[in-house]
Each structure stands twice: as C-alpha cells, then as structure tokens.
Number of protein chains: 2
Amino acid sequence: MEKFEVHILGCGSALPTTRHYPTSQVVNLRDKLFMIDCGEGTQVQFRRSKLKFSRLNHIFISHLHGDHCFGLPGLISTFGMLGRTAELYIHAHKDIERYLNPILDYFCEYLPYKVTIVPFECKKPEVVYEDRSLVVTTIPMDHRIPCCGFLFEEKSGPNHIIRDMVDFYKVPIYQMNRIKNGEDFITPEGDVIPNSRLTKPATPSRRYAYCSDTIFNEKIVEQIKHVDLLFHEATFTHNELPRARETYHTTARQAAQIALASNVKRLLIGHFSARYEDDSVFLNEASPIFPNCLLAKEGLCVDV
Amino acid sequence: MEKFEVHILGCGSALPTTRHYPTSQVVNLRDKLFMIDCGEGTQVQFRRSKLKFSRLNHIFISHLHGDHCFGLPGLISTFGMLGRTAELYIHAHKDIERYLNPILDYFCEYLPYKVTIVPFECKKPEVVYEDRSLVVTTIPMDHRIPCCGFLFEEKSGPNHIIRDMVDFYKVPIYQMNRIKNGEDFITPEGDVIPNSRLTKPATPSRRYAYCSDTIFNEKIVEQIKHVDLLFHEATFTHNELPRARETYHTTARQAAQIALASNVKRLLIGHFSARYEDDSVFLNEASPIFPNCLLAKEGLCVDV
C-alpha cells in the first residue's frame, strides 16, 4: 500500500501551553507533503518530524485564527533562508491576503521563491487541489469566522488485470491500458468480453477528513461518510458544553457522535483546550460512543 | 540587593532549531518585567519561565528581522485571551507599524487592552523608557537594517542614612528625606553639617547592555563601558569571519574583544547560528580573551 500518513505537529487550541503546540498537521501521500494549518512554532515541529521541507508545496489554512496561521511568516522566511526555489501555494480564505501580504512585502522582499495565495470561499464544498493521485475538497465548518475542513481523497488507480483471463482471451499488449481503464475487450471474432471478467477493481481509494474548528454540526456527516480517518476537533469535555457552544467548538462526546453518524473507520481527536492537564479525559469520553478512537499528540504519525 | 535579572527565553539566530528558540529575553527589575525581542515561540518560553505575564508592560524590539519579532502576534493575542486590561507598550523602529498594524486590525479587533507602539530611530542613543528606578537607552547597532541594542540602567536610590550620626546631630524626622537626597543639615544653632557626614552613598546603580544584532563595532564601547553585564551576539566562530562580516554579525572572539575594550564585569554571549551543534565552541573562543564569559541558554537566569 502506498504511503498515506497524517503527522501531528501540534494539537493544542488557542492558548498555547508547554504540553501542546497550536494546530498543524502534515499529510504525506506518496512522499508529497501537504500541510494543514500552521500555528506558531510549526516550523520547529516540522523540523522535528524529520519530514523533508522540500517535499511541501501546498499549505491549507482552515481559518484565520492566530493559532492556525501565526506560524506562516516564520515558515516562509525559513524556507527562503534555506534557498527554496519552488513555488509555495497557500490555500486559504481570501482574507489571508490582508494578513500575509504586508508581511511578505516587508520581510520577504528578497525571497528566492514565489508564494502564491490561492483563495477559497467557505460556503460550500470546493475542490481546492487536484493532481494525478489526490483531490482535496473543502468541508464547510460552522465556527465564529469563515472556516473549512479538508477532505483528502486518494484517486483510484486503474483496475488490476487478471493475468489468467487476459492470457485466455489473448488480449494483445497494446490494448492493456484500455482494459485497465475499464473498457471491454472485443475479440477478433467480434465477441464482447466484459471488463469485469478481465480485471479486479483497483484498491479502494483512501480518504482523510480534517474537521476543525467547528461547533457540533451534523451537516458535515454526508460529506465525510465512511472516511478511513476522521480528525475532529474536541476542544472540551462534555461538562463544558455551554462553553463549547459559546465559542463554536465541539466536545469529545460530540466528536464521537459525528464519527458514529458518519460511520468512519477511525477517529482522531485533538485541538485540546489548555484547561485540561491530562488528555485521557477526552479519550474516556469519546471511546464508549466510538471505540476506534485515537488521541492526537505532537509527533504522532497515523496511517490513513 | 534588589532583584535585577536577565532571563534567556531564546538565544538562537535566524534559523530555528530544535536546540534553540529565536531571540527573546526578559529583564526583571524589582519584579517589573521588560521583554527584549520576541521571536516565534516566545510566549511558550515566557510561560515556561514561570514569570508573571501581568508584570510585563513594555517590550523592546531591537530590529525588524523575523527571528526578533515573529512572536509578537501570538503573545499579544494570548494576553487578550487571558483577559489582560493593562496597556502594552511596544518600543521599536517605526517600521513596526507596517508589520503590526494590519495584524492588530485583523486579529485583535476585540482585544480587551490597548497596544501602543512607541517608535524610535536607531541613529543615536535615545532614552526610550524611564521610571523611578530605571532608564532604558538605545545603543545603535550596525546591522543590515536599522537596529538598536538597549542599555538598562538602574537609577541610584537615595543615600543611606548613618543612624549614629543623625542621632548624634539630632536630625528631626521630617528632614530625613532631604538628607537622604543629599542635602546638608543645618542645626538650630546655624551650624552646617555636611551631608557626607550623615550618609553613605547609595548602592551603585547596576547596568545591563543588550547588543544584538551587529557587525563588530567598537563605536559602542563608549556607551557600554563598565556595565555589570553585557549580552553580545556571537553568531559565528572566528573561522567564519567572512560570513559574519557579510551578514553583519559578530564572532565569539570579537564579542570578547568588545567586552574587554569596554571593561565590563561579565559577558553573556548568544544568538548562535544553527550550524553549530555544540555551543561550547563559542565559550572556548571567547574565554581566553575575556574569562568572565557565560553562554546563553534557554531557561538561564543571570543576576546583573
């Protein structure tokens, strides 16, 4: 199976502590890196992860609260000092220009590479990135300001050839790619051999959904159904539900309810409030509802 | 002796590493805190130091390179979340407005306290702060952009009364403050008792000089002569002198030469380049020239 990992660089919330860094993750799909959010200190956590800086070309920012984007200026400057030349794309709500452009103008006059902001709206799901093997779509969140999660969806590869059958029907080599892509085979005699007799479906594509920050919002269930891994914020425990509602955040119990309703394979929770000294309270709350649940932690790497 | 300490929050240079945070220090004079520079991650280091956030009202920024100021947005936001109400003063080159104002406008709309930028020039020494017990003066540095060090100078307290003598001359209580402040005493008979017979001079005032970032620059010697503690940058070792010159930085040997020429009591070196795995190379280079030399290190607290 090709590499599809999520690295947690930071999983605290707005108030940084000595236990947690603010939010940042790196998705590693076949050694291409994609960063989600970039709180203060992300560049050091990125270095600590031993992932290669040069493999990162796209950063996705969920929303413009400081704990999700105050690490950008340092990261961008450091890439410059390290002699980066490849263009860096930052996908975010369009307001990011008001924050980042003055910094780029003042501090990054001689940057040896280009930073390109790719703005998106947060109102409905939108494809924000696509290449041969991956599609990234926004997942609209319900937070105090415009905010999106991201669905990372591996593209299905071509079907797998059933060697014995293509030999049996004497499929010529030059037709093989068409067969892999789902076409039927027509023999020299004019018989139609259905594709399903010649191939097995490709490995099902894996999907990772990142959902933070958001109030409990069942509208996202449809979009994240059956994902292999769901990261959902769990800022508070359920006894702090009023505070969660007031600040547009989710409790660990609610995160588990979303995972259950979406029938996801695994749940990863994070974005923990600084008020909790011991994160196991979140796991104890979520697990009874959704047992296949993991706690995020700096340095953790999860296979999707 | 009243408290006069320097806390090192970060002593790395531009490229952050997992060993060093970028530059930040806190001067603690009689439990009033003054921050010098504020690189990325400073707020977490500040928390780690156990110093009280509420005791800090003044931040001095030496220059507008990211490793000296990218921690400001996070620190300012966090103070807001913690409910700070006291005004916060940021003393820096006037260009800081181009960096900070857009951030304050966008992220800090509902900040419960006021941030006031107090701009200064970097061309000649300038008093940038003064209260009953402290004067802070800029020390012009020679760097790639306008840059200033800072001289923290404790004010002399009043003279110490010699109890036996004021008893002997029957100095009335209501005259005591005048005597402490240096006036002579005139007896009811009209005799003048010189102040020097009634008091001992106050404890000499202590001075701390912070000098970073700068190329080797002997012009500062006059201003920092005899200080109790000199922090001087030592970004490189002397075999990297051409690189130090090119980037307007100092070598450890040069920092020691400045300390020697200034006849300071103690030297503290920092702002170490990321290329050195082991900081003892800096000490080995500086000590033979100026033996009373210390290496900066995150978490270190030095009495001035």
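A residue is called buried here when its relative accessible area is under 20%, exposed when over 50%, and partly exposed in between, with a 1.4 Å probe and protein chains only. This is a predicted model, in which local features need pLDDT of at least 70 and side-chain atom pairs count only at pLDDT 80 or more, while totals for chains, interfaces and linings use all residues. Residues are numbered from 1 along each chain as its sequence is written, chains are lettered from A and ligands numbered from 1 in the order in which they are written, and side-chain values use heavy atoms, with hydrogens and water left out.

Helices (H or I, at least four residues) and strands (E, at least two) are DSSP runs, numbered from the N terminus. Contact means heavy atoms within 4.5 Å. After α10(A) comes N263(A), with a positive phi near 55°.

Helix α8 of chain A (residues 221–224) holds E222(A). With a relative accessibility of 60%, E222(A) counts as exposed. Its C-alpha atom is separated by 28 Å from that of L300(A), which is 78 residues away along the chain.

For chain A, the domain assignment gives domain 1 (4–157 + 203–303) and domain 2 (160–200); such bounds come from an automatic or database domain assignment. The centres of the two domains, taken over C-alpha atoms, are 43 Å apart.

The next residues are picked out by a database record. In an unreviewed UniProt entry, the annotation "binding site" covers H63(A), H65(A), H143(A) and D213(A). These residues span 151 residues in sequence, but no two of their C-alpha atoms are more than 10.6 Å apart, so they gather at one spot. UniProt positions are given in the numbering used here, feature names are shortened, and annotations may be inferred rather than shown by experiment.

H63(A) sits in the loop between β4 (56–60) and α2 (66–69) of chain A. Its relative accessible area is 1%, so H63(A) is buried. Beyond neighbours within four places in sequence, H63(A) contacts D37(A), H68(A), H143(A), I145(A), P146(A), C147(A) and D213(A). H65(A) is also in the loop between β4 and α2 of chain A, and with a relative accessible area of 18% H65(A) is buried. Residues up to four places away in sequence not being counted, H65(A) touches H143(A), R144(A) and I145(A), as well as F107(B) from the other chain.

The unreviewed UniProt entry also places the feature "binding site" at D67(A), H68(A), D213(A) and H271(A). Spread over 205 residues of sequence, these four cluster in space, with a largest C-alpha distance of 10.8 Å.

Helix α2 of chain A contains D67(A), which is buried at a relative accessible area of 10%. Apart from neighbours within four places in sequence, D67(A) is in contact with S13(A), A14(A), P22(A), T23(A), G39(A) and H271(A). A polar atom of the D67(A) side chain lies 3.3 Å from the backbone nitrogen of A14(A). H68(A) is likewise in helix α2 of chain A and, at 0% relative accessibility, counts as buried. Among the residues H68(A) touches, not counting those up to four places away in sequence, are H63(A), D213(A) and H271(A).

The last topic is the pairing of the chains. A rotation of 179° with 0.1 Å of shift along its axis superposes chain B on chain A, with an RMSD of 0.4 Å. That is the relation of a two-fold axis. In chain B, G41(B) has the C-alpha nearest the axis, 2.9 Å from it. Copies are superposed by least squares on the C-alpha atoms of residues with pLDDT of at least 70 in both. In the interface, 33 residues of chain B are in contact with 33 residues of chain A. The area buried between the chains is about 2800 Å², and carbon and sulfur atoms give 68% of it. E40(B), F70(B) and Y106(B) supply 25% of the area that chain B buries against chain A, more than any other three residues. Buried area is the accessible area (1.4 Å probe) that two parts lose on being put together, summed over both.

Terms used:
A polar contact is a pair of N or O atoms within 3.5 Å; within protein, one must be able to donate a hydrogen and the other to accept it, and residues adjacent in sequence count only if both atoms are side-chain atoms.
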